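Colleague: Please put the model on screen, and then we can go through some questions about it.

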Amino acid sequence: MKILFVAAFMAVILYNLGAGLYYMLVDKGSSKRTVNALTRRIGFSIALIALVVVGILTGVVQPHGVGA
């Protein structure tokens, strides 16, 4: 379930990144849709990082220690 949650977040992040690219190519700077899509992407990225940190601190997510 944790992996599906993270995968869903990643899918939304990639969708907003693609939407930003599409709006940038189609709108030619005539609207703020590109800025809005990229702002949402940043917000979702920050939320995902915060959720992973909270998950590690609460013990729900176990880091695997690569590089330790």
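The questions and answers below go from the whole chain to single parts.

Modeller: This is a predicted model, where local features need pLDDT of at least 70, side-chain atom pairs count only at pLDDT 80 or more, and totals for chains, interfaces and linings use all residues. Residues are numbered from 1 along each chain as its sequence is written, and side-chain values use heavy atoms, with hydrogens and water left out.

Colleague: How many helices and strands are in the chain?

Modeller: Helices (H or I, at least four residues) and strands (E, at least two) are DSSP runs, numbered from the N terminus. On that basis the chain has two helices and zero strands.

Colleague: Why is the chain described as more spread out than a compact globule?

Modeller: The globule rule is 2.2 Å times the number of residues to the power 0.38, and the radius of gyration is taken over C-alpha atoms. For 68 residues the rule gives 11 Å; the chain is more spread out because its radius of gyration is well over that, at 16 Å.

Colleague: Is glycine 59 buried, partly exposed or exposed?

Modeller: Glycine 59 lies in the segment after helix H2 (33–58). Buried means under 20% relative accessible area, exposed over 50%, and partly exposed in between (1.4 Å probe, protein chains only). With 35% relative accessibility, glycine 59 is partly exposed.

Colleague: How far apart are the end C-alpha atoms of residues 42–61?

Modeller: An unreviewed UniProt entry annotates residues 42–61 as "transmembrane region"; such annotations may be inferred rather than shown by experiment. The span is 85% helix and 0% strand, and its end C-alpha atoms are separated by 23 Å.
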